[in-house]
Amino acid sequence: MRGGLQTALTELLSSTTGKVGVTFFLVMLLISLYAIITNPLDFGTRLWNNPAAWADNPKNVPPAWTGIFEGSRRVNHTVFEASEPTEVRNTTRGIESVYTFNVDYTFDEAPTFTSFSIQNVTYHGSPPSTSVSVMRPDGRSLSLYRFVVPAPRNGETPPILRYQQTPFRVHLSGEPSVAVNVAQFLQDEFQVNISSSRLVGDIDEAVFGIPDTQGGGFQPLKGEYQIVVVARSQNERDSIEGVKFVLGGSQFGMMGTDSTGRDLARGLIFGFPVALAIGLITAVMATVIGTTMGIISGYTGGKTDILIQRFSDVLSNIPLLPILLFLAFILGQKLWIVIAILIVFGWPGMAIVIRSMVLQIRSGQLVEASISLGASRWRIMLRHIFPQMAPFVFAQMIFFTPAAILAEAGLSFLGLGDPSIPTWGQILDQGFRTGAVYVGYWWWVMPPGILIVLTALTFVLIALGMERVVDPRLRTVRQ
Amino acid sequence: MTELLRIEDLRVHFQARKGLIGTIPVKALDGVSLTLEKGKTLAVVGESGSGKTTLGRAALRLVKPTGGRIFFDGEDVTNLPDSKLKKFRRRAQGVFQDPYSSLDAFMSVSQILEEPLAIHSIGNARERTDMIHHALQDVRLSPVEEMAAKYPHMLSGGLRQRVGLARALILRPDFILADEPVSMIDASSRTEILYLMRDLQDTYGIGFLYITHDIATARHFSDRIAVMYAGRIVEIGPAEQIVDEPLHPYTVALIKAVPEPDPANRLRQRPVIPGEPPSPTEPPTGCRFHPRCPSAIEGTCEVIDPPLIEVRPGHHVACHLWPEGVH
């Protein structure tokens, strides 16, 4: 009928459940679009499973917004970056490019780590050197680290390029030479004697604090800090394109980080399109095949029926998990293989149930009346039998969607997820595997679980709303 | 008088499962012959299991006959493949017993009525709407526009059966099989539907095969009556004669079983046919009615199968009591 789709949509949106379900679904769709647009398609291999991409993030820290509920102020994760120097000085020892970063330190604790990196260094002649020092709010200044860019190799001619692909990065908190400098600083300024090897774990406490005379530890020192990076070169054409100083926070982003410092928010967002794709493709394909096979089997009868039913029996009695494990080993851990297997093993159950429903309808008077009108068997199957199956089929399809997402999550849980595509299941799995549950890293395991549940809920709500569309007996009469 | 439907020695046997692999034939129809004239009504009366519904289904070619022949308007349609039945399907329609399951609950009345037109590609959208409205007027469903938009679940049994009738009528058929069309409808709307069918017959000259277990309505609404027992016709003839002067003991018993609305009958024991209808897998030898027959002739009835003999003009009986007809 004309306008059938429009009627269906109005009907779906006229119920509260339908409205909520569709809203949820649209939100999921929008997030999925956002994820696809903002992330490269090889997000999994290039970023998510590449530890180098997350090196500058704090590990295992909760979401930034949880700081509101804390009594003491946690360190905000802050990245200072500069591509142009703040100041260039010509001195007798060479040209000094100064990069200054101002840190307004108001936190009640030390940063989790500090790191420094430089990128895209070009030089002619003798290699440039860089140094990092801190001007503290108490007027003391502390020289942290000095680094000379490696000299030209044999046969290399100017301009010499360094750190083009991967930046030179130093983890200041764990650097022995920094420890030596800080131990010296403590000795000189506070007359506190701590050996540099003992100091390695507490470098940041010392840099951003003052020694606690009673307790023996350090008290955070609040105020304005200045991180000064000086790059000294002998040639005015030399350049450094990226200077970065990271103040490692104890809270991060919207969803916190995991044990490799990955921004969980990005992984969860990328999980949306993946989950929708797994769920919808599997559910639609399995129900379409199952329904078609079931109707043909039930209505045609005879040899076709026996063939389809025995085939379904065999497929539905093969244990799915061993097959999945087996195929994952043989064919590799590919998402599309998982989807294909879920479809192949998902439709027979549907076909068996649909067939039994069709058998009941086939012997009814509606089919007889239709035959006597001259209707072809395809017409009867499509126009008279299918609509009676439709509520069931839609319900099944919608229930199959979260089931497919869960099946994939289950597989990921067994370590058979596709490593090139992050999914909620994999995030959950990694959380469990690293013991996040027992340590209390709730931000790592709860959000993926909640998202899986929300996805299921979305489809259930749509199913409830759809019921009235596919079954006119439930429609309300509008005057 | 021109012949519309002629059935000759029609046999329909079904294979019933017996044990794990064995099958056993169930003889639903075992040698039935009858003719229906254009614009006339032939009622087929019998108990449950007598084969009357199978006869109707075979007449519409909904089951494939095991033997015998079916002629429709002179053409042999017995073994036409489904692909060549379309012409027959357009001219022969059915109204079924259950108005609750014979209409598609997922279609509105106008969709239900449009379907036969769509199947046979008749008319464009406007013409179809006109035809649908006309058919609804024919079965006196009004207001037409309002009715066309309704779904079957919004209608009562009687109204649904009118929709079923309209669906059968919309193709202007020559033959309608009415398989117990009023048995599932409220008593109040039964006669209305039956009168409506007779009016439509007068208007369009449709031949009805009216299958019923109610011999009283059969007398009123049909020209001829065929009485079936255990897959056979035991008596066939003009409606008044069959009811007023039944000859076969089974017909006699059937008519006696009809309750009469007389308060004096309240305490009177009505005669009932003793025993059960025979099993269609193992029908009795000789006359199939003999185990239950009050006037069975010993030595004859259980041995010899009585043939259907014309005992009066147009009145045939298969019974050993009437070997040479009625004088």
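Predicted model: local features only at pLDDT ≥ 70, side-chain atom pairs only at ≥ 80, totals over all residues.
**Entry 1: chain A as a whole**
I began with the secondary structure and found 15 helices and twelve strands in chain A. Next I looked up the overall dimensions: the C-alpha atoms fill a box of roughly 105 × 60 × 45 Å along the principal axes.

**Entry 2: domains of chain A**
I then turned to the domains. Domain 1 takes in 4-49 + 263-474, and domain 2 covers 64-248. Their centres, taken over C-alpha atoms, are separated by 52 Å.

**Entry 3: helix α3 of chain B**
Which residues of α3 (residues 109-119) are buried? I listed B:V109, B:S110, B:I112, B:L113, B:E114, B:E115 and B:P116. I was pleased to find both chains in the cover over these residues: it includes α11 (365-373) of chain A, along with α4 (125-138), α5 (144-148) and α6 (157-169) of chain B. After the helix comes B:S121, with a positive phi near 40°.

**Entry 4: B:H290**
My last stop was a loop residue, B:H290, which sits between α10 (249-256) and β11 (309-312) of chain B. Is B:H290 buried or exposed? B:H290 counts as buried because it has 21 C-beta neighbours inside 10 Å, and the cut-off is 20 or more. Leaving out residues up to four places away in sequence, I found B:H290 touching B:P284, B:A296, B:C301 and B:E302. I also checked B:V303: it is 13 residues from B:H290 in sequence and 9.7 Å from it, C-alpha to C-alpha.

Technical notes
Residues numbered from 1 in each chain as written. Chains lettered and ligands numbered in written order. Domains from an automatic or database assignment. Buried ≥ 20, exposed ≤ 12 C-beta atoms within 10 Å, placed from the backbone. Helix = DSSP H or I, 4+ residues; strand = E, 2+ residues; numbered from the N terminus. Contact = placed C-beta atoms within 7 Å.
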